[in-house]
Amino acid sequence: MTQAFKGDGSAGVIDAAGLQRLIEVLAEEGYRVVGPSLRDDAIVYADMDGTGSLPAGWTDRQESGRYALERRSDKAFFGYAVGPHSWKAFLFPPVETLWKAQRGSDGVMAIDSERHRDKFAFIGVRSCELHAMAVQDRVFGEGPYTDTAYAARRSDAFIVAVNCAEAGGTCFCVSMKTGPRAEQGFDLALTELIDGEEHWFLTETGSEAGQRILAQISNVQASDVQVAAARAVSERTASKMGRSLDTNGIKELLQDNPGHPRWDDVAARCLTCANCTMVCPTCFCSTVEDHSDLTGENAERVRKWDSCFTLDYSFIHGGSVRESSRSRYRQWMTHKLANWIDQFGTSGCVGCGRCITWCPVGIDLTEEVAAIRAGPGEGKSR
Amino acid sequence: MQAARDPFVPDIYRVEQVRRELADAVTLELAPQSGTRPDFRPGQFNMLYAFGVGEVAISMSASAREKPGFVHTVRNAGAVSGALARLEPGATLGVRGPFGTGWPVAEAEGRDVVIVAGGLGLAPLRPAIQEVLARRECYGRVTILVGCRSPYDILYRHDLEQWRQRLDVTVEVTVDHAGTDWHGDVGFVTTLIPRSPFDPDKAVALVCGPEVMMRFAGGALQKAGMPASDIYLSMERNMKCAIGLCGHCQFGPAFICKDGPVLPLERIAGLLAVQEI
Amino acid sequence: MNMETMDQILARQAFFADFPPEFAALLAGCASNCHFKAGEYIIHEGDPADRFYLVRQGKVALEIAAPARAPVVITTLGEGQIVGMSWLVAPYRSEFDARAMEPVRAIAIDAACLRGKCEVDHHLGYEMMKRFLPVIVKRLHATRLQVLDVYGHN
């Protein structure tokens, strides 16, 4: 985890071979290196051992309910936005054994809890994703109780951020003030510059660990021209956002309008499939399952990702509090954009657009918010 | 607060005593397998783990001063609570807690105390009643109003009798239906409120029971002149982790496990009025 | 012993708070004191509803009897509460039994007499309705919550 770091403001420049070397150095230092790769017609995050597994020359076309890959005219390593995966799958595993228990014939119980701990190096973390990690840090680390395994994975992780050169079709990080430039929370931040045969990465350091690793890779001091070119990349990306979200007064807007007719409108479309919660980088809901074996002597508790869209989620006393799809969609959106502010001091949304892209019926929360703003509400009721 | 240890992992406790309360409810007295039981406040709850079955949130049913261990009244209402209700003395179980906010017993000092219990709601309230009666001189008038389905469902009859016998406590019990052998009141618990002796300007009300009952009891207390800021409800929602990390227990922006379960009506009146929230 | 007049007794009852004094005399003319022993039936189902009662002391059970089962107590009424509503609605026959659970002192009001007086003077009728309607509404609300069976299992 990166400490607040005041570098000397200078940046280095590495080439593609340098990036390959960076990945090797990280692996040598015992990191499990994870980064983007192409699988099943999508760019996902998986273990990597070199730049060869990066989806070079690919980009994505994203719209409400649509995701498709397209070939680029160049061989950029990071020329796409974000895919269905987020880094939460590594920091907050979808399935994790919390503890195991044994009970002897004398009835005495014993519990042993050792949680799996990986030392990750993430390659290609976007600014919105850095903010998403910070959001989850607050959830898992700043309450009265903390998830110590998450905190350990987080502090062990080495983060190589990438400044987006392409704005996704559903991106709105500018509205959420979470990008497109990575400002903090990384060990190294790369801006890819590709122009014909020229292919290099402006590399900024964000921590002492980043500085130490970079020192092992041959790099040249960045020129002012190169620094300016990198900034221009981010400025161009910022101007091409696919969506926008007006966050003014959004907390009151949603909390005070539980009876707004728009909820009925979205309920007619929402399948409660939970895709949005699976792809969202900040959704943190989980459930626990208790298993035991046939001998009755061994039991374990497993934590799994859960979603507020399932009927079981709010089950109590023989029924679900949120039975209708209307109430479940309302819960998700109100939590993400409004209640989160009361709970954790920031919005839960980082503007990555995944929920819009991966919704099978193309529900777009920026559109839903705009509709609630525009149409007359019924005031606080129902 | 379990600062140093993993809050996901239960402590091991042993069942010392089991007492049958109703046809479908027992009270378990638990002692730690090692070490001492942590201190807790009335209104807080533990997550009780039945080996291999699962966990369920159960409020403390007796105050910290009553017994050295934990006391929990459990109703057989599902797989986990059923397994817990069938435990025998000597059996082991897991305990995580104490969690949540407690009843405002200290804040109520110098004021009248109105307890409104519905059904098994009397169980989470009993620790508060015990704390108040242990320092009776610190409070004004103490009124305990209890509503149940029928005379066969009245919890803690022995305690109610003891409290009723005190001259400094008013106890009223009503049931939804009864036969002619019941000599008490018949009618919904809210009907007891207009006739109760408390000063609405100087009282604190602690309400616990099914949500519908609490909603209407809160309304009746307000009609009797109490401000919503002096009325406290013990809310319930689906709970998995009990430590604010799984999301299930959210009620509007509040996590019942850490912002509740005891919440002032003033904070939640708007939410109670919304269906499916 | 200082004997209070019926006017004075009625004026002290919360139910008749702010009752216009000119009507108090009219009402007093229809009212009388009564008492019942524990277990005594005050009203039987099906009786002509020619009286209703304002309880001054004691507890009354409203009951329904069904064949082959013990009577079920629907609600209990106490001090200051009205027993008997059927006098307001034709055919003016009692719907339920009312049994004194303990010794009961009450004011009995001759309903037939009062109905007559209300027909003649609608202002008196309005004053009576104004007091009865909230009682009926509150009891309906409470009964609905009772019927909800909130403490029931699933």
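In this predicted model, the side chains of C:Asp149 and B:Arg149 meet in a salt bridge, with 2.7 Å from N to O. The rule finds two salt bridges across the interface of chain B and chain C. It also finds eight residue pairs in polar contact across that interface, both residues at pLDDT 80 or more. On the side of chain B that touches chain C, at least two residues each come from strand E8 (142-148), strand E10 (185-186) and helix H4 (211-223) of chain B. H4(B) supplies the largest share of that side, three residues. By type, the residues of this side of chain B are ten nonpolar, eleven polar and six charged.

Chain A and chain B also meet. Between chain A and chain B the count is one salt bridge, in which the side chains of B:Glu55 and A:Arg301 come together at 3.1 Å, N to O. The rule finds 19 residue pairs in polar contact across the interface of chain A and chain B, both residues at pLDDT 80 or more. Several elements of chain A give two or more residues to the side that touches chain B, among them helix H3 (127-141), strand E14 (298-305) and helix H11 (325-344). H11(A) gives the most to that side, with eight residues. The residues on this side of chain A divide into 21 nonpolar, 19 polar and 15 charged.

The size of an interface is often given as the accessible area lost when the parts come together. The table lists the two interfaces.

| Interface | Residues in contact | Buried area | Share on carbon and sulfur atoms |
|---|---|---|---|
| Chain B and chain C | 27 residues of chain B, 20 residues of chain C | about 1900 Å² | 56% |
| Chain A and chain B | 55 residues of chain A, 41 residues of chain B | about 4000 Å² | 57% |

Within chain C, helix H3 (residues 111-120) has the buried residues C:Ala111, C:Leu114 and C:Cys118. These residues lie on the same side of H3(C), because they cover an arc of only 60° around the axis. An α-helix has 3.6 residues a turn, so residues three or four places apart point the same way. The buried residues of H3(C) pack against helix H2 (21-28), strand E3 (51-57), strand E8 (104-110) and helix H4 (122-147) of chain C. On the face of H3(C) turned away from the buried side are the exposed residues C:Glu119 and C:Val120. At the start of H3(C), a side-chain oxygen of C:Asp110 comes to within 3.1 Å of the backbone nitrogen of C:Ala112.

Key. Residues are numbered from 1 along each chain as its sequence is written. Chains are lettered from A and ligands numbered from 1 in the order in which they are written. This is a predicted model: local features need pLDDT of at least 70, side-chain atom pairs count only at pLDDT 80 or more; totals for chains, interfaces and linings use all residues. Side-chain values use heavy atoms; hydrogens and water are left out. Buried means under 20% relative accessible area, exposed over 50%, partly exposed in between (1.4 Å probe, protein chains only). Helices (H or I, at least four residues) and strands (E, at least two) are DSSP runs, numbered from the N terminus. The arc is that of the directions from the helix axis to the C-beta atoms. Contact means heavy atoms within 4.5 Å. A polar contact is a pair of N or O atoms within 3.5 Å; within protein, one must be able to donate a hydrogen and the other to accept it, and residues adjacent in sequence count only if both atoms are side-chain atoms. Buried area is the accessible area (1.4 Å probe) that two parts lose on being put together, summed over both. A salt bridge is a side-chain nitrogen of Lys or Arg within 4 Å of a carboxyl oxygen of Asp or Glu. Ala, Val, Leu, Ile, Met, Phe, Trp, Tyr, Cys and Pro count as nonpolar, Asp, Glu, Lys and Arg as charged, and the others, Gly among them, as polar.
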